[in-house]
Amino acid sequence: MNDIQILQEMLAPAAQVILQPGPGRPSAQLTDLQSGTTVEIKGLPHNSIVIRAEDFENPLTIFNGSKGERKRADFVIVSNDESDRKWVICVETQGGNKAKGEVTAQLKGAACFIGYCKCIGKSFWRSHGFLDGYQYRFVSIAGLNMKKIGIKPIQSEKGPHDHPENFRRILRHPIIHFHRLIHPIS
């Protein structure tokens, strides 16, 4: 079993976004029920899973939340592409525009969720290399419900967006190709 198959078996069907077949590679509709926004990710590698990380129960009874540790981004995409590259992409979708610190906390929470899944896969599936060797990317897709006027964009820094503090911000694009999520801004 590969990592994607283990995640498909581990996670409840409602926590997984169904991939849509298309010409070439599949796509996925990421619908955030809280903000009422939808963004389509096209060109996903065939060996991918999209997880609704926001469905992971909020740990209100365990964590105080003083550092934002209760937050989670909406989606996580786990992919193994045709070039044997492995990706974990944490995605926060927003109808409006949130403060950078809040988005950073959500993206950190999504990465921690994958860390939790990693421990479960290694312990319960006895897959010792489960989710090892992945490159992480952190993306905020904002302003999906906003007109161009009134949004103050957070500048994305050049280079890889491989830390929650250095996430890529994509504004008002309801359709995004997978390669745009993984490649650095040039």
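Analyst: This is a predicted model, and a search of the whole structure finds zero disulfides. Two cysteines show why. The sulfur of cysteine 112 has its closest cysteine sulfur in cysteine 90, at 9.2 Å, which is too far for a bond. For cysteine 117 the closest cysteine sulfur belongs to cysteine 119, and the distance of 9.5 Å is again too far for a bond. A disulfide would need the two sulfur atoms within 2.5 Å.

Next come the aromatic rings. The structure holds three aromatic pairs. One of them joins phenylalanine 56 and phenylalanine 113, with 5.1 Å from centre to centre and 55° between the planes, so this pair counts as tilted. Its members come from distant parts of the chain: phenylalanine 56 sits in the loop between β4 (47-51) and β5 (75-80), while phenylalanine 113 belongs to helix α2 (residues 100-124), and 57 residues separate them. Phenylalanine 56 is partly exposed, with a relative accessibility of 33%. Phenylalanine 113, in contrast, is buried, with a relative accessible area of 6%.

Phenylalanine 56 also pairs with tyrosine 116; this pair is tilted too, at 5.8 Å between the centres and 55° between the planes. Because phenylalanine 56 lies in the loop between β4 and β5 and tyrosine 116 in helix α2, the pair ties together parts that are 60 residues apart in sequence. Tyrosine 116 is partly exposed, at 46% relative accessible area. Taken together, Phe56, Phe113 and Tyr116 form one aromatic cluster.

Helix α2 also has a place in the path between two strands. The chain runs from strand β6 (residues 86-93) through α2 to β7, and this β-α-β crossover is right-handed. β6 and β7 are parallel and are joined by seven bridges. In one of the contacts between them, isoleucine 89 has arginine 137 in β7 as its bridge partner. Strand β7 (residues 135-142) is mostly covered, with six of its eight residues buried. β7 also pairs with β8, in the parallel sense, over four bridges. There, serine 140 stands opposite arginine 169 in β8.

Another pairing involves β2 and β3. β2 pairs with strand β3 (residues 37-42) in the antiparallel sense, over five bridges. Aspartate 32 has threonine 37 in β3 as its bridge partner. The two strands form a hairpin with four residues between them, and in the turn glycine 36 has a positive phi of about 70°.

Last, the confidence of the prediction. The mean pLDDT of the protein chain is 89, and 92% of its residues reach 70 or more. Helix α1 (residues 3-10) has the highest confidence, at 98, and strand β8 (residues 168-171) the lowest, at a mean of 90.

How values were computed
Residues numbered from 1 in each chain as written. Predicted model: local features only at pLDDT ≥ 70, side-chain atom pairs only at ≥ 80, totals over all residues. Heavy atoms only, no water. Phe/Tyr/Trp six-rings, centres within 6.5 Å; stacked < 30°, edge-to-face > 60°. Buried < 20%, exposed > 50% of the residue type's maximum accessible area, 1.4 Å probe, protein only. Pairing = 2+ DSSP bridges. pLDDT = per-residue confidence, 0-100. Right-handed = clockwise from strand over helix to strand, strands pointing away.
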